Amino acid sequence: MKIAIPSVGGKKLSPLSEASEFAVYNVENERVVAKTSIKTKDLDLPQFLKNEKVNILICGKIPVEERITLRRCKVQFFAGASESSDETVIRFLSGESLTA
């Protein structure tokens with residue numbers, strides 16, 4: 001499974017519309033096996049998700065239009081998370097709540 005998380009400067013989870021990059025985590029057997037960072041300048045979100053084979057998107061806020069796009073791309077999404085992308089993935093994989 002692949003999880004994408006938008007960030008700013010590689011450190012902070014951000015609203016989808018404010019992301020300057022995505023951290024993409026490759027997960028096998030509930031463990032992160034690889035992490036890559038992809039810059040989002042002029043990024044076409046549906047094409048990015050398809051190319052990267054992303055299954056799950058986690059971010060702070062997801063506007064309605066983006067939610068529709070994600071559903072069309074068959075990508076699960078989780079909104080409301082606010083910590084760093086690494087902490088968010090750990091919490092998600094352990095089954096913890098993503099919101100405080």
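Good morning. The buried residues of helix H1 pack against strand E1 (2-8), strand E3 (21-28), strand E4 (31-39) and helix H2 (64-72). Contact here means heavy atoms within 4.5 Å, and buried means under 20% relative accessible area, with exposed over 50% and partly exposed in between, for a 1.4 Å probe and protein chains only. Helices (H or I, at least four residues) and strands (E, at least two) are DSSP runs, numbered from the N terminus.

Let me state the basis of these values. This is a predicted model, in which local features need pLDDT of at least 70 and side-chain atom pairs count only at pLDDT 80 or more, while totals for chains, interfaces and linings use all residues. Residues are numbered from 1 along each chain as its sequence is written, and side-chain values use heavy atoms, with hydrogens and water left out.

I begin with helix H1. Which residues of H1 are buried? In this helix, residues 45-52, they are Leu 45, Phe 48 and Leu 49. Viewed down the axis of H1, these buried residues fall within an arc of 95 degrees, so they line one face of the helix. The arc is taken from the directions that run from the helix axis to the C-beta atoms. On the face of H1 turned away from the buried side we find the exposed residues Lys 50 and Asn 51. After H1 comes Lys 53, whose phi is positive, near 55 degrees.

Phe 22 belongs to strand E3 and Phe 48 to helix H1, so the pair ties together parts that are 26 residues apart in sequence. Both partners are buried: Phe 22 has a relative accessible area of 3%, and Phe 48 stands at 5% relative accessibility.

Next, strand E3 and its neighbours. Six of the eight residues of E3 are buried, so the strand is largely enclosed by the rest of the structure. Two strands pair if DSSP finds at least two bridges between them. E3 pairs with E1 in the antiparallel sense over six bridges, and eight bridges join E3 to E4, again running antiparallel. Tyr 25 stands opposite Lys 35 in E4. The hairpin of E3 and E4 has two residues between the strands, and in this hairpin Asn 29 takes a positive phi near 50 degrees.

Ser 7 is placed in strand E1. This serine is buried, with a relative accessible area of 1%. Ser 7 and Glu 21 are 14 residues apart in sequence, yet their C-alpha atoms are 5.5 Å apart in space.

Side chains of opposite charge can pair when their charged atoms come close. How many salt bridges does the structure hold? There are four, a salt bridge being a side-chain nitrogen of Lys or Arg within 4 Å of a carboxyl oxygen of Asp or Glu.

One of them joins Lys 39 and Glu 21, with the closest N and O atoms 3.0 Å apart. This pair links distant parts of the chain, Lys 39 in strand E4 and Glu 21 in strand E3, 18 residues apart. Are these two partners buried or exposed? Lys 39 counts as exposed at 62% relative accessibility, whereas Glu 21 is buried, with a relative accessible area of 6%.

Another salt bridge is that of Lys 35 with Asp 86, whose closest N and O atoms are 3.0 Å apart. Here too distant parts of the chain are linked: Lys 35 lies in strand E4 and Asp 86 in helix H3 (residues 85-93), 51 residues apart. Lys 35 is partly exposed, with a relative accessible area of 43%, and Asp 86 is partly exposed at 38%.

Glu 96 also forms a salt bridge, with Arg 91, the closest N and O atoms being 3.6 Å apart. Glu 96 is partly exposed at 46% relative accessibility, and Arg 91 is partly exposed, with a relative accessible area of 21%.

Thank you for your attention.
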